[in-house]
Amino acid sequence: MSQLSIIKDNYSGIVGKGAMLALTAMLTACSSNSVQTQSDDLEHRHNKQARHDHHKEDDHVKVASTRTATQINFSLFNKAAMVKDPKVVSCTLVNGDAAYCAKFVVKYLPEDLDIGPFCPSSLDREGGIWEWDGRKSGLYRVDGAFFQMLAEQGYTFYDEKGRVYITDFADKKSPHEHSCINVAVDKEVEITMLIPTEPVIADASSKLGVVDKVGMTLSGVPIFSDAPSVQQTGHIPVLDTCAGHVDPGGWYHYHGTATDMASVYEHEGVHAECHLAQDSSALFGYAFDGIGIYGSHDENGRLPTDLDTCHGHLGYVQGKQEKVYHYHATEDFPNLPPCLSGVVARNNFSTTAETGVGAVKNKGSQTMAEHPDEPDGQRRRMQGDQSEPRGEGFPPGFEEAAQTLGVSVDELFQALNDAGGPNADIGQVAKVLGISEEALTAALPQPPQR
Ligand SMILES: [Zn+2]
Ligand SMILES: [Zn+2]
């Protein structure tokens, strides 16, 4: 008997035992203002949700709020970025807590977004921007003067005629020691992101390093922390003037608060302009801990003076009657929070791309040398918690259940297998996976009709 049929038999056994509740795995959210507020505690909320699941499908999802929460309001998000309507799903936070997350599936690039310029073709042209971390460090417009400064420090990105070496690293290796990276987009790629609907402040903040996941913009674009250093990779994955570029996976993302770049350019004396509407007190997006990221100024137009190490504080924001904890952009670059105060969800970022951050296909087949945008350790770490995509052979809904639970399909089946096969104990499976029994039973697919 194959491993697969053992697993399937075990699954049938569990179903036969009737251990699962006939709950739908997904919580269906309404399209507008789908998240309502109630102040009940988590326990109460879960009970309420369980009852709620027996109601008709178009009921609103009720999600609790806390005094410091910044709640995700789906109506604020850009529909032109979405593959499908965002919804609220069960998820597991990295601390093991069961929670609810907003699940976003976005395109490689929002339909209504213009991107670039990235690499200038020659020294007499202007490209995007780059934060140089060598001698004369700072934020620069990527132009002839910038490339000449780098050449003086031993990094030559152009030939004797002043033509810039440009490479699409998703496609081929650069024949040059130093080249400007301009990855082509892949229109097929979809990105799935999970953001807790109710922020939970962590015991200790988590630092954001190079290319760590920060969050998602209201426009539907992923946000990452510092792009990799030219001094480490030898190449320059230039950012456009809104601080975004294309990942080796073919999808666009930001490395800065794009809607407040004007403050940065003014503060740092850089001659550049982001074509997006600039508003230094607007909500830019949500961090992966569910906390809102605003521009550098508070809603009263002042620079906040009481920011913590993650550039967060408790204060008033537009549209809220009470103070909420939120992050602010800074006036220097990268203008993003340097750490996250809250707890993020497991497996909160995956793409359908074959490479790059969050890729789940062809795992391990790409090397660091081919994709300098994402450091090797980072890549391995980020891929390590992704579920392997599986084809046929598994009962319908299992991949979705694993995704909901923040575990891989393998982990889920292994746990079911280990917990006694046909007599598997749901409680034990939940314990092994570090999730609540309630979340597990809710997420598992409905048993087939017998
Ligand atoms: Zn990047
Ligand atoms: Zn504020």
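Of the 6 residues of strand β3, 5 are buried, so β3 is largely enclosed by the rest of the structure. A residue is called buried if 20 or more other C-beta atoms lie within 10 Å of its own, exposed if 12 or fewer do, and partly exposed in between, with C-beta atoms placed from the backbone. Strands (E, at least two residues) and helices (H or I, at least four residues) are DSSP runs, numbered from the N terminus. This is a predicted model, in which local features need pLDDT of at least 70 and side-chain atom pairs count only at pLDDT 80 or more, while totals for chains, interfaces and linings use all residues. Residues are numbered from 1 along each chain as its sequence is written, and chains are lettered from A and ligands numbered from 1 in the order in which they are written.

Strand β3 belongs to an open sheet of 4 strands, in the order β3-β4-β9-β20, with antiparallel pairing. β3 (87–92) and β20 (349–351) stand at the edges with a single partner strand each, so one side of each is left without a neighbour in the sheet. From one strand to the next, the twist averages 30 degrees. Axes here are lines fitted to C-alpha atoms, for helices over the stretch in contact, and angles run from 0 to 180 degrees between N-to-C directions.

Strands count as paired if DSSP finds at least two bridges between them. β3 and β4 (residues 98–107) are joined in the antiparallel sense by 6 bridges. Lys87 stands opposite Lys103 in β4, and Val89 has Cys101 in β4 as its bridge partner. The two strands form a hairpin with 5 residues between them, and in the turn Gly96 has a positive phi of about 95 degrees.

Some backbone angles in the loops deserve a look. Most residues other than glycine have a negative phi, and most peptide bonds are trans. Lys136 is not a glycine, yet its phi is positive, about 60 degrees. Lys136 is found in the loop between β5 and β6 (138–141) and is exposed, with 10 other C-beta atoms within 10 Å. His311 is not a glycine either, and has a positive phi of about 65 degrees. His311 lies in the loop between β16 (292–294) and β17 (312–315), but counts as buried, with 21 C-beta neighbours inside 10 Å.

Cis peptide bonds are found in loops as well. One joins Gly116 and Pro117, with omega about 0 degrees; Pro117 lies in the loop between β4 and β5 (129–132). Another joins Phe333 and Pro334, again with omega about 0 degrees, and Pro334 is in the loop between β18 (324–328) and β19 (339–342).

Next comes strand β13 (residues 244–246), which contains Gly244. Gly244 is buried, with 26 other C-beta atoms within 10 Å. Leaving out residues up to four places away in sequence, Gly244 touches Ile115, Val221, Leu239, Tyr252, His253, Tyr254 and Ala258. Contact means that the C-beta atoms of two residues, placed from the backbone, lie within 7 Å. Gly244 and Ile129 are 115 residues apart along the chain, and their C-alpha atoms are separated by 9.4 Å.

The last stop is helix α9 (residues 426–433), whose buried residues are Val429, Ala430 and Leu433. These residues cover an arc of only 100 degrees around the axis, which puts them on the same side of α9. The arc is that of the directions from the helix axis to the C-beta atoms. Just after α9, Gly434 takes a positive phi of about 70 degrees.
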